[in-house]
Amino acid sequence: MKKNPFAERLAAFAEKVAAKKLDAAVVFNQANVRALTGVDCDNACLLVGGGRVVLYTDFRYTAAIGRTAPWLKVDDIKKLNGKKPLSVRGLSFGAVGYESVITHAKFLSLEKTFPKAKFTDILEDIGELRAVKTAAELDALRAAESLNDEIWAEARGRFRAGMTERDMARIIKHLMIERGEGEAFETIVCVGRNAAECHHVPDDTVWNGREPVLVDMGVKLGGYCSDMTRNIVPARPSPAYKKVYALVLEANRRAIAAVRPGMTAGALDKVARDFLAGNGYGKAFGHSLGHGVGIEIHEKPFAAKNGKTVLRPGMSVTIEPGVYLEGNLGVRIEDLVLVTEDGCEVISHSDK
Ligand code: ZN
Ligand code: ZN
């Protein structure tokens with residue numbers, strides 16, 4: 001990495017810091033640091049402000065970062081430990097941006113590092129910048145989602161009657177470790193009525209080979225997540241299952257067809273929600289339609305009721321309507337899409 005792969009995003013962030021009249025912003029969150037610099041380090045703080053960019057880290061990482069990101073000025077993170085005020089030539093630190101997800105202890109130490117500062121939360125600003133992916137990030141998402149498709153096809157072929165949910169989840173997990181970088185989140189496998197709980201944890205429920213199975217999975221590849229939900233539909237499903245499956249699939253298709261830059265994430269959620277509600281399943285769709293996927297599994301935009309983020313080309317968002325009938329059945333169909341200039345590109349290719 002001879003130059004910052006996220007130079008444009010970092011420049012936009014520096015502009016935001018200036019526009020908010022902050023002298024500087026300090027970024028501790030690992031995913032945020034990575035999304036602004038490409039540096040993936042579990043003990044780092046990026047300081048941005050007044051034309052300066054400094055990455056504070058400890059001696060374990062200094063040499064490696066100096067090699068991989070030579071354009072970055074690196075300094076000792078001990079200077080931010082709250083023992084004494086930070087001094088950087090030319091910066092006064094009267095107003096400092098921080099991320100509201102840091103621990104309270106860290107915040108208290110920041111107050112000592114910047115004793116004169118008035119603090120402003122800049123977490124949302126970084127989230128908005130991260131929501132629009134770079135071309136390289138879009139390629140990484142396509143590659144991760146393709147691998148996820150491949151693993152699903154392979155795993156599904158290995159599922160046998162008599163296996164438990166845990167057995168099936170283990171098959172998926174092993175394939176993800178072999179071919180990718182492991183799970184982006186804990187794989188969900190729900191046999192039969194267990195799918196009515198939308199975040200069921202795989203247990204010892206045995207699959208008889210005739211019940212439906214819901215699988216929600218995502219492999220990590222190149223540091224990026226993927227996310228998809230598919231269902232094994234039995235050859236002879238119950239009439240109720242068949243009906244619900246067809247409606248959820250239609251809700252998924254309608255939402256995909258509705259994606260446009262310029263619409264809010266809330267308006268996208270409403271497309272699927274109104275359709276399911278119109279068919280009597282409004283209450284049975286108890287979660288939001290989707291979320292962005294990137295370095296982390298849940299990122300902006302959040303396609304939820306009243307979601308305010310405006311969709312823009314380069315954003316990723318899952319389309320995952322579901323219907324859950326307690327004690328009876330559950331169906332969710334989830335695809336990952338990339339917002340384009342005139343609609344979206346669906347990057348999940350598994351049959352549904
Ligand atoms: Zn999912
Ligand atoms: Zn999801």
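Start by selecting Lys300 and Glu128 and showing their side chains: the two meet in a salt bridge, with N and O 3.3 Å apart. Keep in mind as you look around that this is a predicted model.

**Stop two: the interface around that bridge**

Now colour residues 7-131 as domain 1 and residues 135-346 as domain 2, the two domains into which the protein chain is divided. How many salt bridges does the rule find across the interface of domain 1 and domain 2? The count is five. Polar contacts turn up as well: six residue pairs across this interface, both partners at pLDDT 80 or more.

Next, pick out the helices α2 (30-37) and α5 (123-131), each of which supplies at least two residues of the side of domain 1 that touches domain 2. Which of them gives the most to that side? It's α5, with five residues. Sort that side of domain 1 by class and you get five charged residues, three nonpolar ones and one polar one.

Nine residues of domain 1 are in contact with 13 residues of domain 2. Put together, the two domains bury about 870 Å² between them, and carbon and sulfur atoms account for 43% of it. Select Arg34, Arg130 and Ala131 next: these three supply 56% of the area that domain 1 buries against domain 2, more than any other three residues. If you'd like a distance to draw, the C-alpha centres of the two domains lie 35 Å apart.

**Stop four: two backbone spots**

A cis peptide bond joins Lys300 to Pro301, with omega at about 0 degrees. Pro301 is found in strand β11, which covers residues 299-303.

Then jump to Lys21, in the loop between α1 (7-19) and β1 (24-27). What is phi of Lys21 near? Phi there is near 60 degrees, a positive value in a residue other than glycine. Why stop at these two spots? Because most residues other than glycine have a negative phi, and most peptide bonds are trans.

**Last stop: the whole chain**

Finally, switch to cartoon view and select everything. The protein chain has nine helices and 16 strands. Its radius of gyration is 23 Å, close to the 20 Å that the globule rule gives for 352 residues, so the chain is as compact as a globular protein of that length. Along the principal axes, the C-alpha atoms fill a box of roughly 75 × 40 × 35 Å.

How values were computed
Residues numbered from 1 in each chain as written. Chains lettered and ligands numbered in written order. Predicted model: local features only at pLDDT ≥ 70, side-chain atom pairs only at ≥ 80, totals over all residues. Heavy atoms only, no water. Domains from an automatic or database assignment. Contact = heavy atoms within 4.5 Å. Buried area = accessible area lost by both parts, 1.4 Å probe. Salt bridge = Lys/Arg side-chain N within 4 Å of Asp/Glu carboxyl O. Polar contact = N/O pair within 3.5 Å; in protein donor to acceptor, adjacent residues only side chain to side chain. Helix = DSSP H or I, 4+ residues; strand = E, 2+ residues; numbered from the N terminus. Nonpolar A, V, L, I, M, F, W, Y, C, P; charged D, E, K, R; others polar. Rg over C-alpha atoms; globule rule 2.2 N^0.38 Å.
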